[in-house]
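Student: I would like to learn how to read helix packing. Please take me through it step by step.

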Amino acid sequence: MTIDIEIDFDIADNILKQNLLERYRVLCKNIEELKAKESLKFYQIADLKDYKRYRDAIKTVLRYYMTKKEFEEEFAITKK
């Protein structure tokens, strides 16, 4: 049994954007939890580095999927 579902590009982009935003927020939470620990095991240090790298990569991709205003609001970027 197969089901064919058709969506337009705007809907697909919005689904991807929302998914990336959720992943970004989870990574930020994980980073904060690890930073709050007094001492980290070697694998936690590696996880922290990876989480930061993934978070930054997701932020870069989100620039493409969000308007400038959305991006600035989501990431609290102040104009200089």
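Tutor: Start with a term: buried means under 20% relative accessible area, exposed over 50%, and partly exposed in between (1.4 Å probe, protein chains only). This is a predicted model, where local features need pLDDT of at least 70, side-chain atom pairs count only at pLDDT 80 or more, and totals for chains, interfaces and linings use all residues. Residues are numbered from 1 along each chain as its sequence is written, and side-chain values use heavy atoms, leaving out hydrogens and water.

Student: Which residues of α1 are buried?

Tutor: In general, an α-helix has 3.6 residues a turn, so residues three or four places apart point the same way. In α1, Lys 17, Leu 20, Leu 21, Tyr 24, Leu 27, Ile 31 and Leu 34 are buried. They pack against α2 and α3; contact means heavy atoms within 4.5 Å.

Student: How is a pair of packed helices described?

Tutor: By the angle between their axes and the distance between the axes. Here, α1 (residues 9–36) and α2 (residues 42–65) pack at about 150°, with axes 9 Å apart. That makes α1 roughly antiparallel to α2 (over 145 degrees counts as such). The residues of this contact divide into 15 nonpolar, two polar and eight charged.

Student: Which residues of α2 are buried?

Tutor: Gln 44, Leu 48, Arg 55, Ile 58 and Leu 62. Their cover includes α1 and α3 (68–74).

Student: What does α2 span from its first C-alpha to its last?

Tutor: The expected span is 1.5 Å times one less than the number of residues. With 24 residues, α2 reaches 35 Å, close to the expected 34 Å.

How values were computed:
Axes are lines fitted to C-alpha atoms, for helices over the stretch in contact, and angles run from 0 to 180 degrees between N-to-C directions. Helices (H or I, at least four residues) and strands (E, at least two) are DSSP runs, numbered from the N terminus. Angles under 35 degrees count as roughly parallel, over 145 as roughly antiparallel, 65 to 115 as roughly perpendicular and the rest as oblique. Ala, Val, Leu, Ile, Met, Phe, Trp, Tyr, Cys and Pro count as nonpolar, Asp, Glu, Lys and Arg as charged, and the others, Gly among them, as polar.
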